[in-house]
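Biologist: I have a model open and would like to go through its architecture and side-chain contacts with you. Could we begin with the overall fold?

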Amino acid sequence: MSDHRTERESWGPYPLILAGAVIGVLVILLWNLRWGGFVLGGVIMMAAALRFAGYDGQLSVRSKRADVITLAGFGFVLVLTSLLLYNNELKALILSLFAR
């Protein structure tokens, strides 16, 4: 008996997200960490938006709600961290908000 799948596996937006991640890593390696982290965070937030819009395929790991919350949270933290790397004024503002 053959073990072939009758359904075609859907990749959805996975290649787009993978290409964005590769570009982000190349930016880190060739230019600097700040903008590479920003690109990677943006790509992760784009994956969250695509998952929220219903495009799943290989992007779906858990439930839709858990995927969107996790991806959006990690993407936001990565973008915020990359912006704080070289911005001392913004870093001081954020730290003063949490120091209260």
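**Helices and their contacts**

Modeller: The protein contains four helices and zero strands. Please bear in mind that this is a predicted model.

Biologist: What pattern does the protein follow along the sequence?

Modeller: The pattern, read along the sequence, is α-α-α-α.

Biologist: And how much of the protein counts as buried?

Modeller: Of its 100 residues, 23% count as buried.

Biologist: What share of the contacts between residues at least 6 apart in sequence join residues at least 24 apart?

Modeller: That share is 56%.

Biologist: Let us turn to helix packing. At what angle do α1 and α2 pack?

Modeller: Helix α1, residues 14-30, packs with α2 at an angle of about 170°, and their axes are 7 Å apart. An angle over 145 degrees counts as roughly antiparallel, and α1 and α2 are therefore roughly antiparallel to each other.

Biologist: Which residues make that contact?

Modeller: On the α1 side, the contact is made by Leu16, Ile17, Gly20, Ala21, Gly24, Val25, Val27 and Ile28. On the α2 side, the residues are Leu33, Trp35, Gly36, Gly37, Val39, Leu40, Val43, Met46, Ala47 and Leu50.

Biologist: How do they divide into nonpolar, polar and charged?

Modeller: The contact of α1 with α2 has 14 nonpolar residues, four polar and no charged.

Biologist: Trp35 is in that list. How many aromatic pairs does the structure hold?

Modeller: The structure holds one aromatic pair. Trp35 and Phe38 form this pair, which is edge-to-face, with 5.7 Å centre to centre and 75° between the planes.

Biologist: Where do the two residues sit relative to each other in helix α2?

Modeller: Trp35 and Phe38 are three residues apart in helix α2, residues 33-52, so about one helical turn separates them. Trp35 is partly exposed, with a relative accessible area of 43%. Phe38 is also partly exposed, at 33%.

Biologist: Another ring, then. What lies over the face of Phe52?

Modeller: Lys64 does, at 6.0 Å from the ring centre.

Biologist: Moving on to Thr70: which helix is it in, and how exposed is it?

Modeller: Thr70 lies in helix α3, residues 64-84. Thr70 is partly exposed, having a relative accessible area of 28%.

Biologist: How far apart are Thr70 and Ile44?

Modeller: They are 26 residues apart along the chain, and their C-alpha atoms are separated by 9.6 Å.

Biologist: Lastly, where is Gly42, and what is its separation from Phe76?

Modeller: Gly42 is placed in helix α2. Its relative accessible area is 30%, so Gly42 is partly exposed. Gly42 and Phe76 are 34 residues apart in sequence, and their C-alpha to C-alpha distance is 7.9 Å.

Methods. Residues are numbered from 1 along each chain as its sequence is written. This is a predicted model: local features need pLDDT of at least 70, side-chain atom pairs count only at pLDDT 80 or more; totals for chains, interfaces and linings use all residues. Side-chain values use heavy atoms; hydrogens and water are left out. Rings of Phe, Tyr and Trp (its six-membered ring) pair if their centres lie within 6.5 Å; planes under 30 degrees apart count as stacked, over 60 as edge-to-face and the rest as tilted. Buried means under 20% relative accessible area, exposed over 50%, partly exposed in between (1.4 Å probe, protein chains only). A charge sits over a ring if NZ of Lys or CZ of Arg is within 6 Å of the ring centre and within 35 degrees of the ring normal. Axes are lines fitted to C-alpha atoms, for helices over the stretch in contact, and angles run from 0 to 180 degrees between N-to-C directions. Angles under 35 degrees count as roughly parallel, over 145 as roughly antiparallel, 65 to 115 as roughly perpendicular and the rest as oblique. Contact means heavy atoms within 4.5 Å. Ala, Val, Leu, Ile, Met, Phe, Trp, Tyr, Cys and Pro count as nonpolar, Asp, Glu, Lys and Arg as charged, and the others, Gly among them, as polar.
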